[in-house]
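Subject: Structure for your review

Dear colleague,

Please find the structure below, together with its sequence.

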Amino acid sequence: MFYICQLVHNNHLNNIGMYLDPQKKREIFEKHGEGPNDTGSPESQIALFTYRINHLSEHLKKNRKDFNTERSLVKLVGKRKSLLDYLIKNDIERYRNIIKELGIRK
């Protein structure tokens, strides 16, 4: 019995995998930040949040009753909005560029 449970559990992990591995993060930071190690700029954070928001939105389309994920999604959208508000106040050109690159607003 334990062997069957272990087999199912391992298979479950292999199917899911990591949706945001370090290599993908590095790509996002390279593309939207100053470089692969620029993890703190608002643009790179917004890009990372957008990637995670898109992933969670796809997950919620398949799993409607996953309320914990829904709460996480709402929190991420709020964090992204506060960073976007920060960019609007401090540098409107950077805000316009990141909105255009990510296609966040229409």
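In which helix is Ser44 found? Ser44 belongs to helix α3. Please bear in mind that the model is predicted.

At 0% relative accessibility, Ser44 counts as buried, because the cut-off for that class is under 20%. Setting aside residues up to four places away in sequence, Ser44 touches Ile28, Phe29, His32, Gly33, Asp38 and Thr39.

**Overall arrangement**

The secondary structure comprises five helices and zero strands. From the N terminus on, the order of elements is therefore written simply as α-α-α-α-α. The protein has 106 residues, of which 26% count as buried. Among contacts between residues at least 6 apart in sequence, 46% join residues that are at least 24 apart.

Asn37 is located in the loop between α2 and α3. With 71% relative accessibility, Asn37 counts as exposed. The C-alpha atoms of Asn37 and Arg26 are separated by 7.5 Å, although these two residues are 11 residues apart along the chain.

Which residues are buried in helix α5? In this helix, which covers residues 92–102, they are Tyr95, Ile98 and Ile99. Seen down the axis of α5, the buried residues fall within an arc of 100 degrees, so they line one face of the helix. Their cover includes α2 (22–32), α3 (42–62) and α4 (67–90). Just after α5, Gly103 takes a positive phi of about 65 degrees.

Tyr95, Ile98 and Ile99 also belong to the largest nonpolar core, which has seven residues; the others are Ile46, Leu84, Leu87 and Ile104. The elements that give two or more residues to this core are α4 and α5, and α5 gives the most, with three residues. As a general matter, nonpolar side chains tend to be buried together in soluble globular proteins.

Ser82 also lies in helix α4. At 45% relative accessibility, Ser82 counts as partly exposed. Its C-alpha atom is separated by 9.7 Å from that of Ile46, a residue 36 residues apart from Ser82 along the chain.

Leu56 has its place in helix α3 and, at 13% relative accessibility, counts as buried. Apart from neighbours within four places in sequence, Leu56 is in contact with Thr69, Ser72, Leu73 and Leu76. From C-alpha to C-alpha, Leu56 and Leu73 are 6.5 Å apart in space, while they are 17 residues apart in sequence.

Returning to the core in which α5 gives the most residues, there is also a second, separate core of six residues, including Ile53, Leu60, Leu73 and Leu76.

**The largest pocket**

What is the volume of the largest pocket? The volume is about 160 Å³. This pocket is lined by Lys24, Glu27, Ile28, Lys31, His32, Ala47, Thr50, Tyr51, Asn54, Glu101 and Leu102. The elements that give two or more residues to this lining are α2, α3 and α5. The largest share, five residues, comes from α2. By type, the lining divides into four nonpolar, three polar and four charged residues.

Yours sincerely

Technical notes
Residues numbered from 1 in each chain as written. Predicted model: local features only at pLDDT ≥ 70, side-chain atom pairs only at ≥ 80, totals over all residues. Heavy atoms only, no water. Buried < 20%, exposed > 50% of the residue type's maximum accessible area, 1.4 Å probe, protein only. Helix = DSSP H or I, 4+ residues; strand = E, 2+ residues; numbered from the N terminus. Arc of directions from axis to C-beta. Contact = heavy atoms within 4.5 Å. 1 Å grid on protein atoms, 1.4 Å probe; cavity = no way out; pocket = protein on both sides within 12 Å on 5 of 7 lines; lining within 4 Å. Points joined across faces, edges and corners; volume = space filled by probe spheres on them. Nonpolar A, V, L, I, M, F, W, Y, C, P; charged D, E, K, R; others polar. Core = buried A, V, L, I, M, F, W, Y, C linked by side-chain atoms within 4.5 Å.
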